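Here is a short briefing for a first look at a structure. Keep the sequence and the 3D view open while reading.

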Amino acid sequence: MMHRIRAGLALACTSLPLAAFADPACAADSAPGLAIPWGDWLVGLLQPVTAILVPLAAAAVTAGVARVAPWAASVLTRDRVEAAIRAGAEFGQNAVAGAARGRTVSADLGAAVVAAGARHVLATAPAHVVRTAGGPEGVAARIFRALPLDPQASAANVLAPALTQLREPDKRRA
């Protein structure tokens, strides 16, 4: 692919000096009765050159977009996951009685806040965002880390009960 681009650029660069030599002043120095159709010759030369260079340029732009697209998609997905986790943490703090947004969440309320926030994210976020976050357990763990919790709160007394609360509705449906 790169070889074709270089060949097209080399062809374009060699045709430019030829066009510079082919000006009407040079034609006037030749025989007085001889008219050289420089314009037709130049158009005839540039048509195949543009027929080669335009697809090469389009291929180069497409290749550049293809190289940037996965990076851009990963950045956008990461931002989407972070926004969903923030929304889940805020929802959990607003949904649980006794917890308030912006305040420290006690260890007693932490499990309910994490579970409510995780349920909200699982219900509202697209499936690929939830998969990228690590599934329901990953969402709950991220919300646990995003919350301002009391120093007594730990994964054992907040996150584990929250995961149990998340799994309870699945047991009732089965």
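Predicted model: local features only at pLDDT ≥ 70, side-chain atom pairs only at ≥ 80, totals over all residues.

Residues are numbered from 1 along each chain as its sequence is written, and side-chain values use heavy atoms, with hydrogens and water left out.

**The salt bridge**
- The structure holds one salt bridge, a term for a side-chain nitrogen of Lys or Arg within 4 Å of a carboxyl oxygen of Asp or Glu.
- The pair links distant parts of the chain, with E137 in helix α6 and R167 in helix α7, 30 residues apart.
- E137 is partly exposed too, at a relative accessible area of 37%.
- Side chains of opposite charge can pair when their charged atoms come close.

**The whole chain**
- The protein chain has seven helices and zero strands; helices are DSSP runs of H or I with at least four residues, strands are runs of E with at least two, and numbering starts at the N terminus.
- Buried residues make up 28% of the 174 in the protein chain.
- The accessible surface is about 11,200 Å², and carbon and sulfur atoms hold 64% of that surface; the areas come from the Shrake-Rupley method with a 1.4 Å probe, and for residues only the protein chains shown count as cover.
- Take the contacts (heavy atoms within 4.5 Å) between residues at least 6 apart in sequence: 64% of them join residues at least 24 apart.

**The nonpolar core**
- The largest nonpolar core has 32 residues; such a core is a set of buried Ala, Val, Leu, Ile, Met, Phe, Trp, Tyr and Cys residues joined through side-chain atoms within 4.5 Å.
- V114, V139, A140, I143, L147 and L159 touch the most other members.
- Helices α3 (38-95), α4 (107-124), α5 (127-133), α6 (135-146) and α7 (155-173) each supply at least two residues of this core.
- α4 gives the largest share, eight residues.
- Beyond its neighbours within four places in sequence, V139 contacts I85, A118, V121, L122, V130 and A133.

- The 12 residues of α6 should span 16 Å at 1.5 Å a residue, and its end C-alpha atoms are 16 Å apart, which agrees; the expected span is 1.5 Å times one less than the number of residues.
- The buried residues of α6 are G135, G138, V139, A140, A141, I143 and F144.
- A153 sits in the loop between α6 and α7.
- A153 is buried, with a relative accessible area of 16%.
- Leaving aside neighbours within four places, A153 contacts A107 and V158.

- Q93 belongs to helix α3 and is buried at a relative accessible area of 4%.
- Among the residues Q93 touches, not counting those up to four places away, are A99, R103, V113 and L147.
- H120 lies in helix α4 and is partly exposed at 23% relative accessibility.
- H120 touches A87, G88 and F91, not counting residues up to four places away.

Key:
Buried < 20%, exposed > 50% of the residue type's maximum accessible area, 1.4 Å probe, protein only.
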